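This report goes through one protein chain, from its overall dimensions to individual residues. The sequence and the model are shown first.

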Amino acid sequence: MIRLSVKLRNGGRQIETLSASGHAGMMRESGDPVCAAVTVLIRTLVLFLKTRPEFESDIRIPERGHVFLSVGTVPAESGDCWESICEFFLLGLRSIENDYPEAFNLRYL
């Protein structure tokens, strides 16, 4: 099972920290649709943060299947953008969890 924990701030509209680990176990690792979907969302979030150094993010991927990230201060002029990115990201994750609860667990801290 993939376990993803997220801590939100700003009234639950912005991701402050995220931790993800595991494998969905639906199919072999290289062809698992749940793993692929979660991976695409996380990679896109990581790529976005890497293009925005002003967000003061800390991204760690110690090994395959494990991701930890935290987002520091988000400039006021970027707050609405970050909230939209977070909403998009979490909407996708909730959809995966609803469709595959045996393979993916999203937890809010």
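The sections below cover the fold, the surface, the strand pairing and a few selected residues.

## Overall fold

The model is predicted. Its protein chain has two helices and five strands as secondary structure. Read from the N terminus, these elements follow the order β-β-α-β-β-α-β. The radius of gyration is 14 Å, close to the 13 Å that the globule rule gives for 109 residues, so the protein chain is as compact as a globular protein of that length.

Along the principal axes, the C-alpha atoms of the protein chain fill a box of roughly 45 × 25 × 20 Å. Contacts between residues at least 6 apart in sequence were also sorted by separation: 53% of them join residues at least 24 apart.

## Burial, surface and charge

Of the 109 residues in the protein chain, 34% are buried. The protein chain exposes about 6,400 Å², and carbon and sulfur atoms supply 53% of that area.

How many positive and negative side chains does the protein chain have? There are 12 positive and 14 negative ones. The centres of the two sets lie 4 Å apart.

## Strand pairing

Strand S1 (residues 2-9) and strand S2 (residues 14-21) run antiparallel and are joined by seven bridges. The hairpin of S1 and S2 has four residues between the strands. S2 also pairs with strand S4 (residues 66-71), in the antiparallel sense and over five bridges. In this pairing Thr17 stands opposite Ser70 in S4.

S4 has a further antiparallel pairing with S3, over five bridges. There Asp58 stands opposite Ser70 in S4. S3 and S4 form a hairpin with two residues between them. In a regular strand the side chains alternate between the two faces of the sheet.

## Positive phi values

Which residue in the turn of the S3 and S4 hairpin has a positive phi? The residue is Gly65, with a value of about 90 degrees.

Two residues other than glycine also have positive phi. Asn10 has phi near 60 degrees and lies in the loop between S1 and S2. With a relative accessible area of 38%, Asn10 is partly exposed. Glu56 has a positive phi of about 50 degrees. Glu56 is found in the loop between helix H1 (33-50) and strand S3 (57-63). At 53% relative accessibility, Glu56 counts as exposed, because the cut-off for that class is over 50%.

Not counting residues up to four places away in sequence, Phe48 touches Phe55, Cys81, Trp82 and Ile85. One of these partners is Trp82, which is 34 residues from Phe48 in sequence and 9.7 Å from it in space, C-alpha to C-alpha.

## Leu8 in strand S1

Leu8 has its place in strand S1 and stands opposite Ile15 in S2. Its relative accessible area is 23%, which makes Leu8 partly exposed.

Which residues are in contact with Leu8, leaving aside its neighbours within four places in sequence? They are Gln14, Ile15, Glu16, Leu90 and Tyr108. Leu8 and Leu109 are 101 residues apart in sequence, while their C-alpha atoms are 7.5 Å apart in space.

## Ser84 in helix H2

Ser84 is found in helix H2 (residues 79-99). With a relative accessible area of 45%, Ser84 is partly exposed. Ser84 and His23 are 61 residues apart along the chain, and their C-alpha atoms are separated by 27 Å.

Note on methods. Residues are numbered from 1 along each chain as its sequence is written. This is a predicted model: local features need pLDDT of at least 70, side-chain atom pairs count only at pLDDT 80 or more; totals for chains, interfaces and linings use all residues. Side-chain values use heavy atoms; hydrogens and water are left out. The radius of gyration is taken over C-alpha atoms; the globule rule is 2.2 Å times the number of residues to the power 0.38. Buried means under 20% relative accessible area, exposed over 50%, partly exposed in between (1.4 Å probe, protein chains only). Contact means heavy atoms within 4.5 Å. Accessible areas come from the Shrake-Rupley method with a 1.4 Å probe; for residues, only the protein chains shown count as cover. Lys and Arg count as positive and Asp and Glu as negative; His and the chain ends are not counted. The place of a charge is taken as NZ of Lys, CZ of Arg, CG of Asp or CD of Glu. Two strands pair if DSSP finds at least two bridges between them.
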